[in-house]
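Welcome! Take a moment to turn the model around on your screen, and then we will walk through it together.

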Amino acid sequence: MQLRVEKGKRMPGAAEMALRQFGGFRLFSVVYPMQAAVEDKRPPPFHKIQVPSLKTSTPLLPVKQMGKSTTESWTQLLAPPSPACLNQQMCCFQNWILQQQQELEELVNALSPNSKVDDDELKLLMEKSIKHFEEYHGRRALMAQHYAPSFFYPTWCTSFETAFFWIGGCRPSLAFRLVYSVCGTELSGQLSEILRGERKGNLADISAHQLEMINTLHCKTVREEDMMSTRMASLQEEIADEPLAMIATSAGRVGEWSEELVRAMDAHSLSLASILADADKLRISTFKELMAILTPFQGIDLLVSIKKLHLSMHEWGKTKDLQLRKPAAP
């Protein structure tokens, strides 16, 4: 099947995509039960967040003097994401991918049968991966303060990758599913060896106590994910409330640009940045707690699987996107 974007069709922007769920807007964005909103301990609406007032040394000139449309003049003075900002975000991700590729090679070598790496060295490799993970998300948090919506629908990721995104990245609970999956696969492949009493020390040798601790952490992580998903749902639903809906309905023409709109979009971006930062904190804390449960060898075993899955999805997505961009057969 070939996909072709028709000439003149508008592609959705990052701000619009950040408000979507399952390919479209939330059903209850239009009608939301007021009683449920009162009973739910939800965060304050994004339009009530304090945003620094817009200050510029250049006064707004009449449209006739500028020789441009109102929309163009407002865009020139107030547009949030600059090309340099988006390019910086893209470079951050590309550097992260390169770092993952280098780390994967190092980790695979450490697990090879001929490797003489001991547990202390394996632990150092785990700690280095955790440190790089924290540094990457720290850079994301800083850049998200400038324009957060781009991290929810990043142009530098493939459509296949973004289809599995949860608040700007993978779900923290995905790591647990991967543990169970890799453990089962390795257990099946090493069954005869295990019956002979041979042990490799990988995830196939995970103990009952470790599984109990992993299950407890899994349940805790899912609860925190659900709470964060509720926050995200609340923000998505607020597009049908003040100020965006009111600005849209009272505007003289569709898409009219104004200072009030820019301030509302800035507040919305800050709300998204806050949720993204909290989601990244959950990703990091879950990753660190899970690594603490596993032995150094098991931790490296899991890291190899995580990095292979991440890099493979990126490459698969790139290949699929290239196939879809090919001209349709006559």
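## Where two helices meet

M126, I130, F133, E134, H137, R140 and A144 of helix 6 meet S269, A273, L276, D280, R283, I284, F287, K288 and M291 of helix 13. Here a contact means heavy atoms within 4.5 Å, and helices are DSSP runs of H or I with at least four residues, while strands are runs of E with at least two, numbered from the N terminus. Sorted by class, this contact of helix 6 with helix 13 holds nine nonpolar, two polar and five charged residues. For these classes, Ala, Val, Leu, Ile, Met, Phe, Trp, Tyr, Cys and Pro are nonpolar, Asp, Glu, Lys and Arg are charged, and the others, Gly among them, are polar.

Before going on, please note that this is a predicted model, in which local features need pLDDT of at least 70 and side-chain atom pairs count only at pLDDT 80 or more, whereas totals for chains, interfaces and linings use all residues. Residues are numbered from 1 along each chain as its sequence is written, and side-chain values use heavy atoms, leaving out hydrogens and water.

How do the two partners lie? Helix 6 (residues 119-144) packs against helix 13 (residues 259-293) at an angle of about 175°, and their axes are 9 Å apart. The axes are lines fitted to C-alpha atoms over the stretch in contact, with angles from 0 to 180 degrees between N-to-C directions. Helix 6 is therefore roughly antiparallel to helix 13, a label for angles over 145 degrees.

Now look at another pair. Helix 9 (residues 174-189) and helix 11 (residues 208-237) pack at about 150°, with axes 9 Å apart, so helix 9 is roughly antiparallel to helix 11. F176, V179 and Y180 of helix 9 make the contact with L211, I214, N215, L217, H218 and T221 of helix 11. By class, six of these residues are nonpolar, three are polar and none is charged.

Phi of I167 is near 50°, a positive value in a residue other than glycine. I167 is buried, with a relative accessible area of 9%; buried means under 20% relative accessible area with a 1.4 Å probe, counting protein chains only.

Finally, step back to the whole chain. The protein chain has 14 helices and zero strands. Of its 330 residues, 38% count as buried. Among contacts between residues at least 6 apart in sequence, 81% join residues at least 24 apart.

Terms used
Buried means under 20% relative accessible area, exposed over 50%, partly exposed in between (1.4 Å probe, protein chains only). Angles under 35 degrees count as roughly parallel, over 145 as roughly antiparallel, 65 to 115 as roughly perpendicular and the rest as oblique.
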